[in-house]
Amino acid sequence: MNPVSCETCEKRTPERRVLFVNACVREGSRTLRLARRVLSHLEGAVTELDLEALELRPLSRETLARREALLAAGAPEDPLLAQARLFAAADEIVLAAPYWDLSFPASVKTWIEHVNCIGLSFAYGPDDRPYGLCRAKRLLYVMTAGGPILPPNDGYTYLKALCNTFYGIVETHCFAAEGLDLRAADPEAILAEAERRVDAFFEEETRQRRTPCAAPTTNP
Ligand SMILES: Cc1cc2nc3c(=O)[nH]c(=O)nc-3n(C[C@H](O)[C@H](O)[C@H](O)COP(=O)(O)O)c2cc1C
């Protein structure tokens, strides 16, 4: 059996790349705290994209035309294509985004405009259907909300649709804490409970992975 096809072995691969997309802006961000808990369970080298520091610009008439020209020229290395390349090369993606205006900060939408790039993160087949060009099998979405997260949780649902439709990333999961700013709320207790749910998720995943697999082992 090829060991790379075993989830357990793949997790041990040293060059595993985790892309952490950080859309948190507030000092003492609760979303960032929850995201760090998620990251503590992942193996691999973490590349953090601080969207505030990155200052990506929404695609404009000029940058869209330039991007098309770059793609037509075989997609040479260029900062305009960097986000799509980083996204496509990651083994796992963690996106931390506070719940703003029933979805996420505008920086996330701008980042998506850069990631969603034909020929780098997805392509169209002969049947005109999109298919993914991304390495990752999973995207983990982390959010905290001041009030209740209203169904259908637009921010996460949108990311999930992009992952499933364009990027070929079939597994997505949302870790959330809500009601943090409500008058009677105990934010510390809510966050601690959300962290416990994160721990439980990964403990369950580890338990499931411990079930026997046919991967080569040095143990007798
Ligand atoms: C610009 C802005 C918009 C927000 N919009 C909402 C909202 O639509 N619904 C809600 O429940 N909370 C909303 N909140 C509250 C945040 O979701 C909440 O405080 C969250 O925990 C902030 O995450 P952070 O601590 O990581 O910054 C908003 C906060 C800000 C600053």
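**Exercise 1.** Determine what share of the contacts between residues at least 6 apart in sequence joins residues at least 24 apart.

*Solution.* Two residues are in contact if their C-beta atoms, placed from the backbone, lie within 7 Å. Among contacts in the protein between residues at least 6 apart in sequence, 79% join residues at least 24 apart. The model is predicted: local features need pLDDT of at least 70 and side-chain atom pairs pLDDT 80 or more, while totals for chains, interfaces and linings use all residues. Residues are numbered from 1 along each chain as its sequence is written.

**Exercise 2.** Describe the packing of helix α5 against helix α6.

*Solution.* Helices are DSSP runs (H or I, at least four residues), numbered from the N terminus. Helix α5 spans residues 79-89 and helix α6 residues 106-115; their axes, lines fitted to C-alpha atoms over the stretch in contact, lie 7 Å apart at an angle of about 85°. α5 is therefore roughly perpendicular to α6 (65 to 115 degrees). On the α5 side, Gln83, Ala84 and Phe87 take part, meeting Trp111, His114 and Val115 of α6. By class, this contact has 4 nonpolar residues, 2 polar and no charged.

**Exercise 3.** Characterise the shell around the ligand.

*Solution.* The ligand is surrounded by 17 residues, the closest being Ser29, Thr31, Pro98, Gly146 and Gly147. Helix α2 (residues 30-39) supplies the largest share, 3 residues. The shell comprises 8 nonpolar, 5 polar and 4 charged residues, where Ala, Val, Leu, Ile, Met, Phe, Trp, Tyr, Cys and Pro count as nonpolar, Asp, Glu, Lys and Arg as charged, and the others as polar.

Methods: Axes are lines fitted to C-alpha atoms, for helices over the stretch in contact, and angles run from 0 to 180 degrees between N-to-C directions. Helices (H or I, at least four residues) and strands (E, at least two) are DSSP runs, numbered from the N terminus. Angles under 35 degrees count as roughly parallel, over 145 as roughly antiparallel, 65 to 115 as roughly perpendicular and the rest as oblique. A residue is near a molecule or strand if its C-beta atom, placed from the backbone, lies within 6 Å of it.
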